[in-house]
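Let's take a walk through this fold, starting with a sheet and the helices on it, then moving on to the charged pairs.

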Amino acid sequence: MDRVTAAEVFVCIAEKGSMTAAAEALDMSRAMVTRYLAQMEEWAGARLLHRTTRRLSLTEPGRETLARCRRMLELAGEMAVASTAEADTPRGLLRVACSQSLAQDVLAATVAEFLRRYPLAAIDLQIGPRPVNLVEERIDLAIRITNDLDPNLIARPLGRCDSVICASPAYLAAHGRPHRVPDLATHNCLTYSYFGKSLWEFEVAGERLAVPVSGNLSANESNVLLAAAVEGAGITMQPVYSTRRLLAEGRLVALLPEAVPQPLGVHGLYGSRRQMPAALRLLLDLLAERFADPDYWPVMRPGPRPDTARARNRTA
């Protein structure tokens, strides 16, 4: 980690008397402040702070380290900085985390465009269904689809995600078609493991409606459920971005056009606005531009459209 930034964080903690106050002053997440403090203690080889429930106080090694950090920051302030043009040139590696479906169906094209624009930058995509710990796993940016945000992270809104309830023609021919939201409780529904309980939520005629669903197949990756639904395994709830082609081709059929979901947000999550690398700032700008483009990121519009539905706290 950057020792100058770690020194700045440690000085701010000492001056403010708490990590929460330091995080607010530095415009960082509390998790990032904690990580910098831990790294400073590791470099110093000693515990730097006494931690109590009321406030923090310096240990003897902490007072010595504080003096050294202040001298380091004074020297850093006197050093010549790179030219503005060079500092604004996106370069270096960004580690970006997202789900498989989002990376495969949507993000890959934008990443390729970003790398064509900025050849000195590089991106390492970390693909997986679970939310990652940005600090511990050294992730620069996580792209998540959720309404349940971590308050310790900074979130930039990128768009909204709509989903659709759908099934294959073969499944509907064999088991019939649900005509109302409660009918889903009697069908074989393919559920997403990370939701915990399988409760699908809708808005119908201005009222909130939730139905518990179950089935003989669950998975922690939505692409697996999508493939199973195409094969006739059951009814699935999927993001519109991953189903639009299958719906257009007739391999899936959208169900319950009267039911509208509570939209989920698409967010770019990162640890700190301070000293944000140019590559990260420009990637966020490009993502915001792309998620606003309906050809890139489809959003269901009001009117007699196929139903959009999603589970609570779905992430992608």
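Before we start, a word on angles: axes are lines fitted to C-alpha atoms, for helices over the stretch in contact, and the angle is taken between N-to-C directions, from 0 to 180 degrees. Keep in mind that this is a predicted model.

Look for an open sheet of five strands, in the order S11-S8-S12-S7-S13, with mixed pairing. Strands S11 (218–219) and S13 (253–254) sit at the edges with a single partner strand each, so one side of each has no neighbour in the sheet. S11 runs parallel to strand S8 (residues 189–192), and two bridges join them. One place to look is Tyr 192, whose bridge partner in S11 is Ala 219.

Now for the helices. Helix H8 (residues 222–230) lies across S8, S11 and strand S12 (235–239), and runs at about 170° to S8. Helix H9 (residues 240–248) also packs on the sheet, where it touches strand S7 (163–167), S12 and S13, and its direction makes about 115° with that of S12.

On to the charges. Side chains of opposite charge can pair when their charged atoms come close. The structure holds 11 salt bridges. In one of them, Arg 70 meets Glu 15, with the closest N and O atoms 3.4 Å apart. Arg 70 belongs to helix H4 (residues 60–78) and Glu 15 to helix H1 (residues 3–16), so this pair ties together parts 55 residues apart in sequence. Arg 70 is partly exposed at 37% relative accessible area, while Glu 15 counts as exposed at 51%.

Asp 162 and Arg 160 form another salt bridge, at 3.1 Å between the closest N and O atoms. Here Asp 162 is buried, at 3% relative accessibility, and Arg 160 is partly exposed, at 32%.

Terms used
Residues are numbered from 1 along each chain as its sequence is written. This is a predicted model: local features need pLDDT of at least 70, side-chain atom pairs count only at pLDDT 80 or more; totals for chains, interfaces and linings use all residues. Side-chain values use heavy atoms; hydrogens and water are left out. Two strands pair if DSSP finds at least two bridges between them. Helices (H or I, at least four residues) and strands (E, at least two) are DSSP runs, numbered from the N terminus. Contact means heavy atoms within 4.5 Å. A salt bridge is a side-chain nitrogen of Lys or Arg within 4 Å of a carboxyl oxygen of Asp or Glu. Buried means under 20% relative accessible area, exposed over 50%, partly exposed in between (1.4 Å probe, protein chains only).
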